[in-house]
Amino acid sequence: MSGEAMLVPWGASLAYLVSGILFILALRGLSSPESSRMGNRFGMAGMVLALTTTLYIHNAAALPEILVALAIGGAIGLLIARRIAMTAMPQLVAAFHSLVGLAAVVVGAAAYLNPEAFNIVEPGRIEIFHHSRIELGLGVAIGAITFSGSVIAFLKLNGTMSGAPILLPARHVINLGLLTAILGLIVWFYAMPAPSEVAWLFWTVMGLSFLIGFLLIIPIGGADMPVVVSMLNSYSGWAAAAMGFTLQNTAMIVTGALVGSSGAILSYIMCKAMNRGFISVIAGGFGAEASAGNGGVRIDRPYKRGSAEDAAFLMKQADSVIVVPGYGMAVSQAQHALREMGDMLKAAGVSVKYAIHPVAGRMPGHMNVLLAEANVPYDEVFELEDINSEFAQTDVAFVIGANDVTNPAAKTDKTSPIYGMPILDVANAKTVLFVKRSMGGAGYAGVDNEVFYMDNTMMLLADAKKMVEDIVKALGH
């Protein structure tokens with residue numbers, strides 16, 4: 001008896017149901033730093049079960065080739081995971097999203113070219129089932145958008161391409177026209193009695209989708225890039241779900257729907273945290289005109305510069321210190337030295353807390369992961385809404401490479417690309433110690449920070465890791 005006969009209909013469905021439950025438990029576990037490791041284990045177990053079931057119920061003639069491909073892919077993934085720096089994690093995530101989108105496109109093309117192999121043909125004919133054509137067209141379209149959009153996001157995050165918005169004339173009209181054309185062609189593809197006779201419909205949908213993915217992301221500036229990463233994650237999920245309907249694969253449908261919906265919810269939450277319109281961001285660069293304006297212009301102004309010894313003295317005399325980590329901490333890999341500094345301050349009787357902005361870094365949860373890697377206690381890490389009111393009663397705000405998320409221009413300058421974004425109110429602390437490599441560079445949004453020049457701010461200009469290590473040495477004396 002074949003594997004398919006033994007498992008279908010109830011065996012495979014039960015296995016896919018269990019894998020779906022494991023994926024849900026994975027998402028639940030990943031919602032908290034304390035349970036994230038267990039969440040990862042649930043996710044891995046669910047994927048192993050889903051893959052094993054899929055391989056078991058299908059023709060095993062190609063099993064050796066499949067296993068070789070899995071081994072090669074697994075080896076590449078393991079090598080990347082071991083070598084990748086945490087600072088490169090955002091662009092790695094974008095790259096992986098592009099592969100998910102490309103996989104959906106390749107599977108869709110294979111199903112179109114050889115529908116009999118995928119069992120999606122009408123009885124006695126070689127044409128694709130009508131009910132499969134919409135899912136096939138949408139899966140390929142969303143997958144292509146995900147691929148090309150993720151490639152642009154990767155290039156921007158990696159610094160290969162400028163993070164500044166690239167604004168094309170009439171871009172919204174062009175994008176709307178392309179989207180309308182894609183949807184219209186998919187409907188036409190569905191309505192055709194023999195879609196194989198008008199192959200240009202399918203390939204045109206694919207080509208236009210690649211193009212619109214590129215056009216949607218290039219006008220989005222660096223300040224919105226964390227939302228883009230989350231949004232592309234959502235797109236990759238919907239592409240997988242659409243292909244799951246085409247192939248009648250329950251695991252793909254469930255997994256894709258979970259990824260798509262969770263990514264969309266996270267994108268919405270992040271847009272709310274940044275005071276961005278969700279539709280505006282996903283439409284591609286609404287409001288980006290401000291980003292391309294004079295935000296990058298910096299006027300030389302007087303500021304106070306301090307040393308590691310100054311910072312150590314001020315924090316040692318303080319009753320409370322709130323640490324605000326940002327991308328500068330990630331670049332220099334200063335999280336371990338930062339935790340050591342925090343431990344020394346606590347040993348001296350100083351209250352130490354960590355404030356995390358929802359979009360600090362280059363992807364959701366970037367700072368949380370880095371602090372967890374350094375074994376910073378979870379109960380010392382607070383989100384913006386839970387700690388923002390405490391800055392006014394704090395002796396020292398220690399900002400380590402977090403520019404945009406502490407910039408008062410978000411509240412005061414309507415022309416700023418970050419205007420309206422909730423910020424961490426570090427300026428309200430009695431003293432602000434701001435670690436920055438130099439005064440020459442602005443944040444990822446290209447905006448100078450008013451906090452640098454305030455009377456209660458001391459600039460600590462150096463590599464973040466070296467500065468924190470010097471502070472640790474000074475605290476030990």
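This note comments on the confidence, the sheet and the helix packing of a predicted model.

1. Confidence. The chain has a mean pLDDT of 84, with 87% of its residues at 70 or more. Residues 1-8 have pLDDT below 50, and this stretch makes nine contacts in the model beyond near neighbours in sequence. For residues 286-297 the pLDDT also stays under 50, and the model has 18 contacts for them beyond four places in sequence. Where pLDDT is low, the predicted coordinates should not be read in detail.

2. An open sheet is built from six strands in the order 3-2-1-4-5-6, with parallel pairing. Its edges are strand 3 (381-383) and strand 6 (457-461), each of which pairs on one side only. From one strand to the next the twist averages 25°.

3. The pairing of strands 5 and 6. Strand 5 (residues 431-436) runs parallel to strand 6 and is joined to that strand by five bridges. Lys436 has Leu461 of strand 6 as its bridge partner.

4. Helices on the sheet. Helix 13 (residues 308-317) packs on the sheet and touches strand 1 (320-325), strand 4 (396-400), strand 5 and strand 6. The direction of helix 13 makes about 145° with that of strand 5. Helix 15 (residues 335-347) lies across strand 1, strand 2 (351-356) and strand 4, and runs at about 145° to strand 2.

5. Helix 15 with helix 19. The axes of helix 15 and helix 19 (residues 464-475) cross at roughly 25° and come within 9 Å. With angles under 35 degrees counted as roughly parallel, the two helices are therefore roughly parallel to each other. Their crossing is left-handed. Helix 15 contributes Ala337, Leu338, Glu340, Met341, Met344 and Leu345 to the contact, and helix 19 contributes Val468, Glu469, Ile471, Val472 and Leu475. By class, this contact of helix 15 with helix 19 comprises nine nonpolar and two charged residues, with no polar ones.

6. Helix 5 with helix 9. Helix 5 (residues 89-113) packs against helix 9 (residues 225-247) at an angle of about 20°, the axes being 9 Å apart. Helix 5 and helix 9 are therefore roughly parallel to each other, and their crossing is left-handed. On helix 5 the contact residues are Val93, His97, Val100, Ala104, Val107 and Gly108; on helix 9 they are Val229, Leu232, Asn233, Ser236, Ala239, Met243 and Leu247. The residues in this contact of helix 5 with helix 9 divide into nine nonpolar and four polar, with no charged residue.

Definitions and conventions:
Residues are numbered from 1 along each chain as its sequence is written. This is a predicted model: local features need pLDDT of at least 70, side-chain atom pairs count only at pLDDT 80 or more; totals for chains, interfaces and linings use all residues. Side-chain values use heavy atoms; hydrogens and water are left out. Two strands pair if DSSP finds at least two bridges between them. Helices (H or I, at least four residues) and strands (E, at least two) are DSSP runs, numbered from the N terminus. Axes are lines fitted to C-alpha atoms, for helices over the stretch in contact, and angles run from 0 to 180 degrees between N-to-C directions. Contact means heavy atoms within 4.5 Å. Angles under 35 degrees count as roughly parallel, over 145 as roughly antiparallel, 65 to 115 as roughly perpendicular and the rest as oblique. A crossing is left-handed if the near helix is turned anticlockwise from the far one by less than a right angle, and right-handed if clockwise. Ala, Val, Leu, Ile, Met, Phe, Trp, Tyr, Cys and Pro count as nonpolar, Asp, Glu, Lys and Arg as charged, and the others, Gly among them, as polar. pLDDT is the predictor's confidence in each residue, from 0 to 100.
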